[in-house]
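Please look over the chain shown below.

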Amino acid sequence: MPPTRIASQITFLYYQNLAAAQQFYEGILGLEKVEDQGWAKIYRVSGTAFVGLVDEAHGSLKAQPENAVMLTLVVDDVPGWYAYLRENKVKIRQEYGRSETIQIEYFFAEDPGGYVLEFECFLKPELTAVFHQK
């Protein structure tokens, strides 16, 4: 058994242009900044899930030309987010769709550092109860 429970989760993403990433996560996505360390900013995604934005010049890792990380944001209104991000000129990587096989609505967008953001809604009631908590 682990010595203690895991209390929260932070995904850190690395950027060459931290200011552009900060403007996107605050201004476009509307996330709450909970910590500002100057070269690193941490935002609450939901509950105890966070995303951290790091200036690669000071962080442990470097931004990559192509990132192999996808940040999935579970939302209740996928078509609404899709329209909102298109209105705000956010790059859409995969158009709005629906998978009957796994029962989700989704689309992929791209943040200023090239990270893929999936906006997703679970349609199965048992998964809605897990991932769409208020």
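## Val116 and its surroundings

In this predicted model, Val116 touches Val69, Met70, Leu71, Arg93, Phe108 and Ala109, leaving out residues up to four places away in sequence. Val116 sits in strand E8. Its relative accessibility is 11%. The cut-off for buried is under 20%, so Val116 counts as buried.

Val74 gives a point of reference. Val116 and Val74 are 42 residues apart in sequence. Their C-alpha atoms are 14 Å apart in space.

## Two nonpolar cores

The largest nonpolar core has 29 residues. Those with the most contacts inside this core are Tyr25, Leu29, Val51, Leu53, Leu85, Phe107 and Phe119. The largest share, 5 residues, comes from H1.

There is also a second, separate core of 5 residues. It includes Ile104, Tyr106, Phe108 and Val116.

## Contacts of Phe107

What does Phe107 touch, not counting residues up to four places away in sequence? Its partners include Val78, Trp81, Tyr82 and Leu85. Ile92, Gln94, Glu95 and Tyr96 are also in the set. Leu117, Glu118 and Phe119 complete the list.

## Val34 in strand E2

Val34 lies in strand E2, residues 32-36. Is Val34 buried or partly exposed? With a relative accessible area of 35%, Val34 is partly exposed.

Leaving aside neighbours within four places in sequence, Val34 is in contact with Ile42, Tyr43, Arg44 and Phe50. Val34 and Arg44 are 10 residues apart along the chain. Their C-alpha atoms are separated by 6.5 Å.

## Two loop residues with positive phi

Most residues other than glycine have a negative phi. Lys89 is not a glycine, yet its phi is positive, about 60 degrees. Lys89 is in the loop between H2 and strand E6 (92-99). Its relative accessible area is 73%. The cut-off for exposed is over 50%, so Lys89 is exposed.

Gln103 also has a positive phi of about 60 degrees, although it is not a glycine. Gln103 is in the loop between E6 and E7. At 22% relative accessibility, Gln103 counts as partly exposed.

## The chain as a whole

The chain has 3 helices and 8 strands. From the N terminus on, the elements run β-α-β-β-β-β-α-β-β-β-α. Among contacts between residues at least 6 apart in sequence, 47% join residues at least 24 apart.

Why does the radius of gyration agree with a compact globule? A compact globule of 134 residues would have a radius near 14 Å, and the chain has 16 Å, which agrees. The C-alpha atoms fill a box of roughly 45 × 45 × 25 Å along the principal axes.

## Surface and charge

Buried residues make up 38% of the 134 residues. The accessible surface comes to about 8200 Å². Carbon and sulfur atoms account for 53% of that surface.

The chain has 12 positive and 18 negative side chains. The centres of the two sets lie 1 Å apart.

Technical notes:
Residues numbered from 1 in each chain as written. Predicted model: local features only at pLDDT ≥ 70, side-chain atom pairs only at ≥ 80, totals over all residues. Heavy atoms only, no water. Helix = DSSP H or I, 4+ residues; strand = E, 2+ residues; numbered from the N terminus. Rg over C-alpha atoms; globule rule 2.2 N^0.38 Å. Buried < 20%, exposed > 50% of the residue type's maximum accessible area, 1.4 Å probe, protein only. Contact = heavy atoms within 4.5 Å. Areas by Shrake-Rupley, 256 points an atom, 1.4 Å probe, with all protein chains shown as cover. Lys, Arg positive; Asp, Glu negative; His and termini not counted. Charge placed at Lys NZ, Arg CZ, Asp CG, Glu CD. Core = buried A, V, L, I, M, F, W, Y, C linked by side-chain atoms within 4.5 Å.
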